[in-house]
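Subject: The structure, and what turned up in it

Hi there,

Here is the structure I promised to pass on. Have a look at it first, and then read on for a short tour.

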Amino acid sequence: MKRALSPNRAERFLLIGLFRARLRGCENNGTNPMEEAKHICVYSGSAHPELSQQIANYLGISLGKVHLTHFPDGEIFVQFEENVRRADAFLIQPTCKPPNDNLMELLIMIDAARRASAARITAVLPFFGYARQDRKDKPRVPITAKLVANLLTVAGADRIITMDLHAQQIQGFFDIPVDHLYARPVLVPYLKKLIGNNGVVVAPDSGSAKMAMNYGDMLEAGFAVVTKRRINATTVASSHLVGDVKDRICVITDDLTSTAGTLCAAAKILKANGAAKVYCAVSHCLLSDIGKEKLLATPEIEQVITTDAVPIVDDLGGKIKVVSIAPLLGEAIRRIHDGKSVSSLFYINH
């Protein structure tokens, strides 16, 4: 005579049977029960909450609740105020000024999400700080961009979304997937209205030549290069121009500017060679006080067109035009969550 199962044992066998049936069903239709359980969550660090809110609005969701504060001694404290277990979590934080605080806050957010059992953690860095330290160009110096990549990975990030890295090879510093977006699809429609069919895209130095050529292809414009010699961290000397800019509307392109020395020096050479107007298209506008002074003191530059990848507090009386990248990042987040390609975002405006 068989012994009757106790209620607890019977319940356990029933649950095990249901779970196995669920697994068999998922095997048959090619889905994964863990993947199916994911829900999207978007959280903002303290570096740029306005951009994060715009991205959430684009996605049609509420920005996730996270408590960010500092202890009296300056240590950063992070606590997610809602359940993130098995969530597809996107943490938005440009590591702009102050870069150390913003980077550390992002690392702690990643660690908190990992320990809260998020299914996947994507760090969204509209601006990737320390990208200029990408190689050993002097004795006994660090490669800090690689260090930051290691920190993000070890903290628990599963994926990175960033935009216009100072050097594209930084993608190779990561052993996790990197979605490297470009500001061109966002900036080009506005630039096209400015230059019409009389434009020339100008690289302010040899390192920016490829970026300038890509802008030129999208704008169907000419191409020119200004050679540059950096004297120190805040002073740049531009010397020669290669290309015809006479009576043309010029657009100087660069991935970032802080002191504006490169842009101002290049603009003066362009005007001296007969350029009709000079605009600048910069992905990340990190202007210091020195940079603001230089830009205001350079009438040769009509306007700097940039993105809101980092907070822009002052438009310098209209000298700076900001175009939002929230739809671009929002669409990238949506496609990554849905398992779709993001490659088309490199070429079209959304």
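Before the tour, one term: two strands are said to pair if DSSP finds at least two bridges between them. Please also keep in mind that this is a predicted model.

Is Ser52 buried or exposed? Ser52 counts as buried because its relative accessibility is 0%, and the cut-off for buried is under 20%. The Ser52 side chain makes a polar contact with the side chain of Ser44, at 2.9 Å. If you leave aside neighbours within four places in sequence, the residues in contact with Ser52 are Ser44, Leu63 and Ile92.

There is also a hairpin to show you. Strands E2 (residues 66–70) and E3 (residues 76–80) pair in the antiparallel sense over five bridges. Opposite His70 you will find Ile76 of E3. Five residues lie between the strands of this hairpin, and Gly74 takes a positive phi near 100° there.

Now for a pair of helices. Two packed helices are described by the angle between their axes and the distance between the axes. For H4 (residues 99–115) and H5 (residues 144–155), the angle is about 25° and the axes are 8 Å apart. That angle makes H4 roughly parallel to H5, because angles under 35 degrees count as roughly parallel. On the H4 side, the contact is made by Leu103, Leu106, Leu107, Ile110, Asp111 and Arg114, and on the H5 side by Val148, Leu151, Leu152 and Ala155. Sorted by class, the contact of H4 with H5 has eight nonpolar residues, two charged ones and no polar ones.

As background, most residues other than glycine have a negative phi, and most peptide bonds are trans.

- The peptide bond from Lys97 to Pro98 is cis, with omega near -5°. Pro98 lies in the loop between E4 and H4.
- Tyr130 is not a glycine, yet its phi is positive, near 70°. Tyr130 sits in the loop between E5 and H5, and counts as partly exposed because its relative accessibility is 28%.
- Asp164, also not a glycine, has a positive phi of about 45°. Asp164 lies in the loop between E6 and E7 and is buried, with a relative accessible area of 4%.

Another aspartate to find is Asp289, in helix H9 (residues 289–296). Asp289 counts as exposed because its relative accessibility is 57%, and the cut-off for exposed is over 50%. Asp289 and Ser258 are 31 residues apart in sequence, while their C-alpha atoms are 8.9 Å apart in space.

Finally, the chain as a whole. Its secondary structure comes to 10 helices and 14 strands. Of the 350 residues in the chain, 47% are buried. How many of the contacts between residues at least 6 apart in sequence join residues at least 24 apart? The share is 64%.

Best wishes

Note on methods: Residues numbered from 1 in each chain as written. Predicted model: local features only at pLDDT ≥ 70, side-chain atom pairs only at ≥ 80, totals over all residues. Heavy atoms only, no water. Helix = DSSP H or I, 4+ residues; strand = E, 2+ residues; numbered from the N terminus. Axes fitted to C-alpha atoms, helices over the stretch in contact; angles between N-to-C directions. Parallel < 35°, antiparallel > 145°, perpendicular 65-115°, else oblique. Contact = heavy atoms within 4.5 Å. Nonpolar A, V, L, I, M, F, W, Y, C, P; charged D, E, K, R; others polar. Buried < 20%, exposed > 50% of the residue type's maximum accessible area, 1.4 Å probe, protein only. Polar contact = N/O pair within 3.5 Å; in protein donor to acceptor, adjacent residues only side chain to side chain.
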